[in-house]
Amino acid sequence: MILDIPGVTERRQSPRYEIELSVDLALENGSILSVTTRNISSSGLQIVCDTWVTEEIEPRGIQSHAISHIRLRAITELPIGNDKKKLYSNCRLMSVQRMSQDEYILNLAFIAFENGSEQNLDEFLDQFQQKKTVINLYA
């Protein structure tokens, strides 16, 4: 479900597209954590998670220790037309925002893709770009 398409004033080099997708995060120790995206772009994704997930990612405290070394593998299915295609990405944890007592937002940057799934991401994002172009033509 598409929640928003960036407006004409979007200043990011890679616009974010708000969408809720289920994502499996694979940690270096082999643990798999289920989270939800808040948005996605060609350079990364933003996820929403609870305290338990953050403690699994960084047991010493995700807000009180350096996070730039943390690498995660994100796996999700991207809705493309009437189909779903897998995205396998290796990510770096860029930043963490605590939104409430038990809600965090994690910003992940893509650093590599597996199984040629970068093409799936491009195809997925192209759908939004086409919708943005159509909307701008009638604005």
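E114 and R73 form a salt bridge (a side-chain nitrogen of Lys or Arg within 4 Å of a carboxyl oxygen of Asp or Glu), and their closest N and O atoms are 2.7 Å apart. This pair links distant parts of the chain: E114 sits in the loop between β8 (103-113) and α2 (118-137), while R73 belongs to strand β6 (residues 71-80), 41 residues apart. Helices (H or I, at least four residues) and strands (E, at least two) are DSSP runs, numbered from the N terminus.

This is a predicted model, in which local features need pLDDT of at least 70 and side-chain atom pairs count only at pLDDT 80 or more, while totals for chains, interfaces and linings use all residues. Residues are numbered from 1 along each chain as its sequence is written, and side-chain values use heavy atoms, leaving out hydrogens and water.

By the rule above, there are three salt bridges:

| Pair | Closest N and O atoms |
|---|---|
| E114 and R73 | 2.7 Å |
| K85 and E123 | 3.0 Å |
| R60 and E58 | 3.1 Å |

K85 lies in strand β7 and E123 in helix α2, so their bridge ties together parts 38 residues apart in sequence.

How covered are these residues? Buried means under 20% relative accessible area, exposed over 50%, and partly exposed in between (1.4 Å probe, protein chains only). E58 counts as buried because its relative accessibility is 5%. E114, at 22%, is partly exposed, and R73 is partly exposed at 26%.

Strand β7 (residues 83-100) also holds S89. S89 is buried, with a relative accessible area of 0%.
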